Structures are given as C-alpha cells and as structure tokens.
Amino acid sequence: MNNKKSQEETTIDRRDFFKKAAAFSATALAGTSLLANEVTGEGDPAIMHHTKWGQVWGDPITTNLYGVPSPYEHNVTRRSTSLLSSGNFRASIAVTPIHESQGIITPNGLFFSRSHGGTAHVDPNEFRLMIHGLVDKPIVLTLEQLKRYPSVTRTHFIECPANGGQEWRGPQFNSVQFAKGFMASAEWTGVYIKTILEDLGLKPEAQWMLAEGSDNSKMGRTIPVDKVLDDAMIVWGQNGEALRPEQGYPARLLVPGWEGNLCVKWLRRLEFAVEPWYCKEETSKYTDLKPTGKAIQHFYANEVNSTVTSPSPEIDWSHLEDGATVEIEGLAWSGMGTITGVDISFDGGKNYVEAKLKGLVLQKSWTRWSIIHTYKKGETLLLTSRAMDDAGYIQPTIDEETKIMGVEAVYHRNAVETWEVTETGKVNHVQIRS
Amino acid sequence: MFKLDRKLIISTSVAAIALLGVGCVGGESAPTFSDGVNGNISIDGGVSYPTINGKSGNYFVNESHIGRAINNGRVPTDAEEAKWNTDVMAGYVYNEDPKALGLPEGEGSVEEGEALYEAQCVMCHGDFGSGGGGYPALSKGNAEDLQKTLTNNRYQDPQADGPTRVFGSYWPQASTMFWYIRDGMPHPKSDTLSVNQTYALTAYMLNINEMSIDGQEVDDEYVLDRAKFLKIKMPNQDGFEPNVRGSDSLPGVRAYYANPANFGAHKVKPAERCMTNCQETNATVVRIAGEGISQFIPPMSIVRDLPEKKAETINVKEVYSNACAMCHDSFLSPGSAEWAGYTAKGIDKVYANGINGTETGMPAKGGANLSDANFKLMVDYLISGK
C-alpha cells in the first residue's frame, strides 16, 4: 500500500467515524466496554475508528520515571472492610485482588497489608537493627551494614493465618479477594539469619528468638531456633526493589511458609533467649482454640491449601457462550513444603480428577494449576480444588477439619474451598459440609 | 564463628539433611513425596530443604562465605540495649534472675489505673474495658468464670454462646499485658506511660477482670507492685498446647507437630488419596446467609474505566465516620454540649489542639490525612453537629 492511498483511506475513515460517532458514543455511555468485540455497522468501532491515542504524541519519556499502572486499572486494588478493622483502620488488613493476579508474583502495590498500629514510615538513615541476648557478640547494624551480608533471593508467599478464618462457621464472602486474598507472593532478597549468626555465635542454651518491630505497636513474635537456623531471613528487597512501607520498609523478617504475622515488619530488634516471650500476638491472638478448650499456640506453618481463582464471583462465566473452551485456573500453596499436585472436583468434592501444574513449582511458594473445560451453557458446577505437598499433607474436607479444630479456631483454616457455577454462569462462594 | 555444639537442633536437622538429600534435591525433577517419618521433618511438621552441592531445590546457593569472618556492625552500648530491651518475659526460668525477666520495680493502684483509663483508654476500649469502640474488649466479667466458656463451640448451634476470649479469661500470662501497655499503648501515642502508670493500668485490668493475687482480691483499694505481680496466676495459663515453658521445650514442640492429628492436618500417600465418592453422604451445599460481608472499601468492581476525579471538598460526615467516630461517638460527639467546655477557651485553641494533638488522647488531626483547612471543617462539624 502506498503512502498516498493510505492517507486518503485515513481521511475517509475519519469522516466516516465522525458520522458514526454519535451512534457509538451512545453505546459507550451506556457502559458497554469496547472490550466486548462486537460488530456495529461495518465493523467493530475499536477497529474502524481511530483511537485517540493512535494519532497524537504520547507522553514524553520523562513522564512517570517511576512507572504507575494504567489509570484504567484503578479497580485492580487492595481492598479492606471495616468488619476486619479496628482503630480507624490502624489495626486492620487490606487484601490482594487474587481474582486479577497473574502468575506467582504479586506486584508490590497489590501485596496484602496488615498492621497492628498503622503503616510506619521509617527513615532508612535512622534504621538500626540490634541483635542481642544469647549471642557471643551482640551487634547493632545500620541498613547499609545489613545489606552488606551475602544475600539470597527466594520466591515465597506470605499468608495471614486468618486467610479464610472468617468462614469456619459458614461462607461469608462472595468474593475470592476476601475469601482467600489475605496473602500475596513475591521474590524476596535478604540475608539468612543463620549467615549473621555464623559471625555472632549463638550460645548453646538459646532456644527462641524474639523479633520486634519499631512501629508504634512494637509488634513482636517469638520464633524457635530451628527455623532461625533453617530458612528465616531478614529481607530488604521485594520483586527487585526496596520493600514498600506497607511491607515493612526498610527491612522485615521473612519466615518462609509460616504465619505472616511472624514476618515482623519495620524490624528493629532480634533477641535470643531460653524461653519464648508470650508476646501479645502469640497469646491473645494467633492461637487456635479447639473444642477441648485448649488452644494451639506457636502454630507456625500455613498448611497446604488451594483455591480456584478463575472463574470467581468477581469475574464469572455469565458472558461465556455454549461450547466455549475455558481454562479453570487457581493457586495452590503450602508453608510446609512444595506442591506436588492439585485435584479438581466438579461436584463439590465427591469425585476428583487431576489438574495440571503450571509454571515454576517452588518450595513454600504459590503454584499455579489449571484444567481445560468445555463450557455447556446452563450447566451447574461445584468447583472444589484440593492440593497436596511433598511433606505428605493433603487438604481436608470441611467436616474433617472441623471435627478436630471445631469452629472457633479463627486461624489456620485450610479445608477445601468450593465455588458454585450457577445456570446463568454466575459464581458463588459456597461450602460443602454436613 | 558459629557454634556447632547446639546438639538439640543439630541432632534433628542432620538426620533431616541426610534423608532429604535423597528425595528432594538435585535437579529440576518434580518434588517427590516423603512420608514424614524417620525424622525428616522440621519443627512445624513440614519438610526443610538443606543446601546440597550448592543447590537447594531449584535454587543455586553461594555458600563460599561460610568460614570467613564478616565483622559487620558494632557492639551496642549498655544504654542502647537498656533503651530498646523493654520486653517483659513470663519468667518460668528467668524468675531466678530478676534482671533478665525485664519487669521493673514500681507500683500503681487500681484507683490511679482507673483514672488513667478514663482519661486515655476509655474512648476506644469502652467503659470498664467492655470494648465496643472498634477496639478489643479487655474484660467481660469474672475471669475464672469466663475461662470455663473456652470449651463453648458453635459447631452445630449458631445461636449458642461462643467462647469469651479476653485478658482475664484467655491470656496465659500477665507479663504480656504489662509489656504491651507500656510499649504499645495508648495506640495513637505509644511508649509514653511511666512504669508506675503501667503498674496502675495493669492493676485496673486485674480489677475489672475480678481477679485475685495470692488469694487476695484485686479490689478498688489494691496497690500492685513488682513482688505481687510475680505472683499473678492467670486462670488460663495451662490452656495452651504444645508446652513452651522451661529451658528445654523445643523437643515437645517438634513432637506435637509431628502428629497431624494434633492440629487438624491430614497426611495421605498420593496413590491412596480418595478420587471417587469422597464427600460425606449427608454433606450439603451451604450458601452465604443474606448478603454476607460485602461492604468493601473500595466497592468491588472489575470495570476498566478512568477513575473519577476526587472531589476537592471533603464530606465531613464521611470523614467523621472513617476517622473520628471510633473515639468521638462516645466522647465529644458531633453537636455534644460537652464542647462548650472547650470552645470557651476560644476556637483557635480547639483548632490548635486538634491539629497538634493533646496529652489526653487526641492524636494529631485524629490521625486523618487532612489539610489544616479541611481539618478545621471537621472541628466545626464536631462542635456544631452539622
């Protein structure tokens, strides 16, 4: 096509477009997305007219030198609810939109955030980390000194142990963001605490480590030395950049696979001792009351778990045509090992078939899985996923879990989740229990 | 250098390394099943992934720093350690070494505690610690009686009474309360209470939970000091598992999580897992009652459009509900006659106190992110009620 002809066509197209603009804009105003890909008149307006970004200068390269998402993505965001909040949203949680998440990495701005006294804004120049107690040589580190240690980079999820914890007695959230989004995953960079301890020398009688934050709640938790000497880290990097303030900038603890609450943010102090500390968040909360009246304390690992993320109540199948080939996709994760397989049921957990794992399968990490499905218009399904890990654990049914844990435990609920697809393709969060 | 004489840990983890080396390490093959016997489990009941031949699973690991001194940082001064080391331990072992326990000398009365509570705590924690202001309740009555509710479980009957988990009925140690009050309270200006004030508030907590120390009721006349504090026995101190008391509790913790039945977990060999007719026969589909919880901030939406331009002016009622109501609903509420006592000193003084915060509990701007001008609109609204 020569240039002249191209220009003529362009001109004609533009005239044509303006004539039709009134008709198109009526549809646009009615809220019908151009994503709909429907033919109107000669063709889809998204193809037939010139887009407003297609013929004018874009932003200079100096705009947004630190990039931000397209403004059109503004609804892909963390969300909170006052029912999970106290103290003017200072002791609260904002959860990750896992219905919109891709792969096994959460963008830093969407990483779920929980604080016990608000998000602290730490001046990195005044950051100090004290490591003391039962060590041969106590130390104080600046941020620069901390980052000088030989580092490791690992991909791990962090999950609040109350993920799903509002639903022990029945489903409450018709939303996968709220039912399962008290978690997110990132590639973390930091130093193994055992690397620092090689230098300091841990006294043989040391059994427990206190990790304490510098925020106004001085959030603290006690961790057994087994984990400290295994894979516990102090991290400063998150997906290739500094931690965000909501994730504990400039440094936080990362205890792979264990309760998110143990991954103390805005870290300032590690102390080693013979006995644990009985911190507020390991006694009054983060303990699992059983029907016996005894509560499990120091309940560390987030157990093997999974959920369907697509379809979801948020992004359902009501737009699908009969016979459409569609991918049912989800996440599986275990804080106790590596995902070895995921089964999917179409009848609420009566019968299962194996789903396929997708992408990287890493230790104590989100793992993607899917199954290809041919959608029949009008069909009703109960989609239940069930994951297994290499420690030998498998997700229990709701009945199996509540038989031992009762319904007052709040934390560590990992029974299978079920998503109902209705006749019209809507999706509802349900539970299958006796 | 790292001490390798840590027999407790090493004996377990060396065994784990030896066994895991066979199954889980060495290349990109899919992880294999391990049945969690013969000690190849970590303290949480899961597996650990040691580094073998420079790799842990799919990750390459550079371990060549091992054995080389890093000599980073400096030794803290005694004063620095004392400044930050303010935790208070429960002290099953440390009772023999009072300094290590971290509980300072001091004293405070229930009477002083109540006055402090009324001035700095009640706006959030409610009258007598009853909660209701969005913050946790601190008491629901007699601690010994309420401890007995911990076996309540709304397993079949949603109308039944649930367990009551407050300080007196649930917390295993009083040290937790003392430590958290001093370092974490009051929420908007923590770490401002003296040791004696902390004793006084702790005494008041024991009082409203109707507790006794060493057979003596913590009544309205009670004065708490360090010696008395060390004799506190919480009603639910034995209500937790696994045991973590004493100088050698980790073997018990490891044993607890080695048994999945203790914590509601299930193990199965993959080939033996149920694939057909797996669900209980009387299981039914349970749906969300009513709307469920759906008041999300912001409301749920998956639409791709341009965000609305934010309004330049604030909606005072909305800001009030998000940022002020938690405390001001019960104290100096919008349009309350109590405001007269404050406005008498001049509106500029009220504005300044609000903007800068006060000693008696008002956080600067109530913690809201507002310009001075918009904050003054909020003050006007609180005083006038419209």
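Predicted model: local features only at pLDDT ≥ 70, side-chain atom pairs only at ≥ 80, totals over all residues.
Me: Why is Lys227(A) called buried?
Reply: Buried means under 20% relative accessible area, exposed over 50%, and partly exposed in between (1.4 Å probe, protein chains only). Lys227(A) has 3% relative accessibility, so Lys227(A) counts as buried. This residue lies in helix α6 (residues 225–228) of chain A. In chain A, 65% of the 434 residues count as buried.

Me: Which residues does Lys227(A) touch, beyond its neighbours within four places in sequence?
Reply: Contact means heavy atoms within 4.5 Å. On that basis, Lys227(A) is in contact with Ala232(A), Val255(A), Pro256(A), Trp258(A) and Lys364(A).

Me: Why is Lys364(A) also called buried?
Reply: The relative accessible area of Lys364(A) is 1%, and therefore Lys364(A) is buried. Lys364(A) lies in the loop between β19 and β20 (367–374) of chain A.

Me: What makes the pair Lys364(A) and Asp231(A) a polar contact?
Reply: A polar contact is a pair of N or O atoms within 3.5 Å; within protein, one must be able to donate a hydrogen and the other to accept it, and residues adjacent in sequence count only if both atoms are side-chain atoms. The side chains of Lys364(A) and Asp231(A) are joined at 3.0 Å, and the pair is listed as a polar contact.

Me: Why is strand β6 of chain A described as largely enclosed?
Reply: Strand β6 (residues 183–192) of chain A has 10 residues, and nine of them are buried, so the rest of the structure largely encloses this strand.

Me: How do you know that β6(A) pairs with β5 and β9 of chain A?
Reply: Two strands pair if DSSP finds at least two bridges between them. Strand β5 (residues 152–159) is joined to β6(A) by eight bridges, and strand β9 (residues 233–238) by five. Both pairings are antiparallel. Within them, Thr153(A) stands opposite Thr189(A), and Val191(A) stands opposite Ile234(A).

Me: Which other strands does β9(A) pair with?
Reply: Three bridges join β9(A) to β11 (residues 252–254), and two join it to β10 (residues 241–242); in each case the strands run antiparallel. Ile234(A) has Leu253(A) as its bridge partner in β11(A). With β10(A), β9(A) forms a hairpin that has two residues between the strands, and Asn239(A) in the turn has a positive phi of about 50°. Six of the six residues of β9(A) are buried.

Me: What makes β15 and β19 of chain A edge strands?
Reply: An open sheet of four strands has the order β15-β16-β20-β19, with antiparallel pairing. β15 (305–310) and β19 (356–358) each pair on one side only.

Me: How do you know how much area chain A and chain B bury between them?
Reply: Buried area is the accessible area (1.4 Å probe) that two parts lose on being put together, summed over both. For chain B and chain A the value is about 12400 Å², with 55% of it on carbon and sulfur atoms. Chain B gives 137 residues to the contact and chain A gives 147 residues.

Me: Why is the pairing of Arg304(B) with Glu100(A) called a salt bridge?
Reply: A salt bridge is a side-chain nitrogen of Lys or Arg within 4 Å of a carboxyl oxygen of Asp or Glu. The closest N and O atoms of Arg304(B) and Glu100(A) are 3.0 Å apart, so the pair meets the rule. The rule finds 10 salt bridges across the interface of chain B and chain A.

Note on methods: Residues numbered from 1 in each chain as written. Chains lettered and ligands numbered in written order. Heavy atoms only, no water.
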